[in-house]
Amino acid sequence: MMKKKLNIGMIGYGFMARTHSNAWRRVDNFFDLEYTPVLKTVCGLVKEEAQAFADRWGYESVETDWRKVVEDKNIDLIEVCVPNNFHAVIAIAAAKAGKMVICEKPLALNVAQALEMTEAVEAAGVPNIASFNYRRIPAVTLAKNIIDSGKLGKIFHYRANFLQDWTISADVPQGGMATWRLDAKAAGSGVTGDLLAHCIDLALWQNGSISSVNAMTETFVKERKNVESGKMESVGIDDACTFFCRFDNGSLGNFEATRYARGHKALFTFEINGENGSIAWDLHDLQRLSFFDHNDSGLTRGWRSIHVTDGDHPYMSKWWVPGLSIGYEHSFVHQAADFLESLSTGKATCPTFRDGLETQKVCDAVLDSAKTGQWVNL
Ligand code: SOE
């Protein structure tokens, strides 16, 4: 069968551009889809670096001006894989040019931008994704399926952490290609947008809307050298953030993210406690889902550790044989597959920009609450 082509314009050539490019390259090998991705153009500031990226990942051409890629009649989909302060301007221009858009998380610097982006893609009627990849780790998708099956019963608690330790040293600079996440102008916020946004996206998906939040943040290192100016500048991001919340379903939430948890590199965990059971997951052991079913007979009742690698587990029939693991990068392959599939079915791939906007609202409420010390209603 002659496949339909989806021509991709990748804006950015950093970490996320690699995960997305890898996904587009792999997806056809494992999924049977009507559409096939074509890596047309990669765009980045430094021509030689864009060229090196194109050579490594197989892009046909390079560009240094993202507007040219957005205006290129041959491009169908714009991938926004650049620092957060460029998400809105690129995504809105892409939507206005009639392009589909996949935008890295967090969707925007704030709710106002996220709303404008959402309205732009919806007005243009173009398929769009806010790229929260962890939804498509098979164990995480399985958790959602178990919750939706009603097995946990009434939910009482949702708990999530995202712990790292890479900015403890005051010598880590802010700004520039590698450390823009520490510069408030580029990132918007610190761990709230970078890490908690992942936790919030999963929480809203698995447990429904959040009605109110109460947060505290801290910036442990107050000044860092800015790579661009070469000067010591005050740090405007949150290094750590903890918040409590109430969900519309009556459950209580407890969230923490930090880059100051010595020893933890990317310890993303969540646990959900319901009347009839509980679920827990840990990114450091991403193929396993812990599940406790109170309805099990007393003889065998206890926490099970499900190795989510069987043929009937989400996405797993597409990979190797039962029992063999896949990893982090596959969540992006699954997103690519679901997106290509959605072009055939016409059914949107979640999380859409509108879902990303909902996460942004919670992030902004969390930062507001931390500033005022008050509960913030959503
Ligand atoms: C930050 O270190 C980071 O790379 C985030 O930006 C990603 O979204 C997260 O998945 C892993 O950590």
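What follows is a chat about the domains, core and helix packing of a predicted model.

Student: OK, how is the chain divided up?
Tutor: Into domain 1, residues 4-134, and domain 2, residues 135-377. Keep in mind that this is a predicted model.

Student: And what separates the centres of domain 1 and domain 2?
Tutor: 23 Å, taken over C-alpha atoms.

Student: How many residues does each domain put into the contact?
Tutor: Domain 1 gives 39 residues and domain 2 gives 45 residues.

Student: On the domain 1 side, which elements supply at least two residues?
Tutor: α1 (15-30), β2 (35-43), α5 and β6 (128-131) each do. The largest share of that side, eight residues, comes from α1.

Student: Switching to the inside. How many residues are in the largest nonpolar core?
Tutor: 104 residues, and V101, L196 and V366 have the most contacts inside this core. Helix α9, residues 191-207, provides the largest share of the core, with 10 residues.

Student: Where does this core lie relative to domain 1 and domain 2, and why?
Tutor: It lies between them, because domain 1 (4-134) and domain 2 (135-377) both give residues to the core.

Student: Now helices. At what angle do α4 and α5 pack?
Tutor: About 15°, with the axes of α4 (residues 87-96) and α5 (residues 111-124) 8 Å apart. An angle like that is under 35 degrees, so α4 counts as roughly parallel to α5.

Student: Left-handed or right-handed crossing?
Tutor: The crossing of α4 and α5 is left-handed.

Student: Which residues make the contact?
Tutor: From α4 you have A88, A91, I92, A95 and K96, and from α5 there are Q113, E116, M117, A120, V121 and A124. A91, A95 and V121 are also in the V101 contact list.

Student: What about α6 and α9, what angle is there?
Tutor: α6, residues 138-148, packs against α9 at about 30°, and their axes are 9 Å apart. That makes α6 roughly parallel to α9.

Student: And which residues are touching there?
Tutor: V140, A143, K144 and I147 of α6 make the contact with L202, W205 and Q206 of α9.

Terms used
Residues are numbered from 1 along each chain as its sequence is written. This is a predicted model: local features need pLDDT of at least 70, side-chain atom pairs count only at pLDDT 80 or more; totals for chains, interfaces and linings use all residues. A nonpolar core is a set of buried Ala, Val, Leu, Ile, Met, Phe, Trp, Tyr and Cys residues joined through C-beta atoms within 7 Å. A residue is buried if 20 or more other C-beta atoms lie within 10 Å of its own, exposed if 12 or fewer, and partly exposed in between; C-beta atoms are placed from the backbone. Helices (H or I, at least four residues) and strands (E, at least two) are DSSP runs, numbered from the N terminus. Domain bounds come from an automatic or database domain assignment. Two residues are in contact if their C-beta atoms, placed from the backbone, lie within 7 Å. Axes are lines fitted to C-alpha atoms, for helices over the stretch in contact, and angles run from 0 to 180 degrees between N-to-C directions. Angles under 35 degrees count as roughly parallel, over 145 as roughly antiparallel, 65 to 115 as roughly perpendicular and the rest as oblique. A crossing is left-handed if the near helix is turned anticlockwise from the far one by less than a right angle, and right-handed if clockwise. Lists of a residue's contacts leave out its neighbours within four places in sequence.
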